[in-house]
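Please keep the sequence and the structure in view while reading.

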Amino acid sequence: MRCLTDAWNAHEAELRRFLRHRARSEAEGDDLLQEVFLRAMRRPNGLCGLDSPRAWLFHAARNLLIDRLRLARDQVPLPEDLAAEPAAVLAPVDGLAQCLPRVLAELAPEDRDAITCCDIEGMSQKDYAARLGLSLPGAKSRVQRARARLKARLTVACQVKFDTDGAVCCFVPRPPEA
């Protein structure tokens, strides 16, 4: 307790000026000063063992000021009729993901495997060729044919329409099979 009383007697006046200058009133500054003292008393060894008790006291005082400012921050209620931010609009081609699982399931197994491995899982066509024991040009051809069949199936099954640039402009989503 001796460390605490010595440090407090040495720095109380300076700490009081510091807090009163930054608080909204002298009374609030004195309340904060008392809270700093209580925090110092709650420390297991008071202020004993600290290299700079003054630094600890001012650090505690700054933290108290910050806490008070956070609590005193004005909060303005939002009006009930405030419009929410509009939801991000997905490009029509991104929405085709809804159709993909069902259409993919309708493809032949070798087409489904080529699309799944190379386009969905990100396997390189070289690795895909090695996995199937095909030449690289043979694997590339298989993947290209599978992509063409997937596009044709998506176009029919999901009623995909294209704009003048050839980009997907709209489609009718198909629900997944039950």
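Alanine 7 touches Leu47, Pro53 and Leu57, leaving out residues up to four places away in sequence. The model is predicted. Alanine 7 is found in helix H1, and it counts as buried at 6% relative accessibility.

- From alanine 7 to glycine 46 is 39 residues in sequence and 9.9 Å in space, C-alpha to C-alpha.
- Histidine 11 also has its place in helix H1.
- With a relative accessible area of 18%, histidine 11 is buried, because the cut-off for buried is under 20%.
- Apart from residues up to four places away in sequence, histidine 11 touches Arg54 and Leu57.

**Aromatic pairs**

- How many aromatic pairs does a search of the whole structure find? The search finds two.
- One of them is formed by phenylalanine 18 and phenylalanine 58, and this pair is edge-to-face.
- The ring centres of phenylalanine 18 and phenylalanine 58 are 5.2 Å apart, with 75° between the planes.
- The angle of 75° counts as edge-to-face because that class takes planes over 60 degrees apart.
- Phenylalanine 18 lies in helix H1 (residues 2–22) and phenylalanine 58 in helix H3 (residues 53–72), so the pair ties together parts that are 40 residues apart in sequence.
- Are phenylalanine 18 and phenylalanine 58 buried or exposed? Both are buried.

**Helix H6**

- Helix H6 covers residues 109–120, and its buried residues are Asp111, Ala114, Ile115, Cys117 and Cys118.
- What covers the buried residues of H6? The cover includes helix H5 (100–106), helix H7 (125–132) and H8.
- Isoleucine 115, in helix H6, is buried with a relative accessible area of 3%.
- Beyond its neighbours within four places in sequence, isoleucine 115 is in contact with Leu104, Ile120, Ala146, Arg147 and Leu150.
- Isoleucine 115 and leucine 150 lie 35 residues apart in sequence, and their C-alpha atoms are 8.4 Å apart in space.
- Threonine 116 likewise has its place in helix H6.
- At 21% relative accessibility, threonine 116 counts as partly exposed, because buried requires a value under 20%.
- Threonine 116 touches Leu104 and Glu121, residues up to four places away in sequence not being counted.
- Leu104 is therefore a contact of isoleucine 115 and of threonine 116, where contact means heavy atoms within 4.5 Å.
- After H6 comes glycine 122, which has a positive phi, near 80°.

**Glutamine 159**

- Where is glutamine 159 found? Glutamine 159 is in the loop between helix H8 (136–157) and strand E1 (161–162).
- Glutamine 159 counts as partly exposed, at 45% relative accessibility.
- Setting aside neighbours within four places in sequence, glutamine 159 is in contact with Leu154, Cys170, Phe171 and Val172.
- The C-alpha atom of glutamine 159 is separated by 68 Å from that of arginine 22, and the two residues are 137 residues apart along the chain.

**The chain as a whole**

- The secondary structure comes to eight helices and two strands, in the order α-α-α-α-α-α-α-α-β-β along the sequence.
- The chain has a radius of gyration of 35 Å, whereas a compact globule of 178 residues would have one near 16 Å.
- The C-alpha trace spans about 85 × 50 × 35 Å along its principal axes.
- Of the 178 residues, 26% count as buried.
- Among contacts in the chain with a separation of 6 or more, 51% come from residues 24 or more positions apart.
- The accessible surface is about 12,300 Å², and 54% of this surface belongs to carbon and sulfur atoms.
- There are 27 positive and 25 negative side chains in the chain.
- The centres of the positive and negative sets lie 5 Å apart.

Notes: Residues numbered from 1 in each chain as written. Predicted model: local features only at pLDDT ≥ 70, side-chain atom pairs only at ≥ 80, totals over all residues. Heavy atoms only, no water. Phe/Tyr/Trp six-rings, centres within 6.5 Å; stacked < 30°, edge-to-face > 60°. Helix = DSSP H or I, 4+ residues; strand = E, 2+ residues; numbered from the N terminus. Buried < 20%, exposed > 50% of the residue type's maximum accessible area, 1.4 Å probe, protein only. Rg over C-alpha atoms; globule rule 2.2 N^0.38 Å. Areas by Shrake-Rupley, 256 points an atom, 1.4 Å probe, with all protein chains shown as cover. Lys, Arg positive; Asp, Glu negative; His and termini not counted. Charge placed at Lys NZ, Arg CZ, Asp CG, Glu CD.
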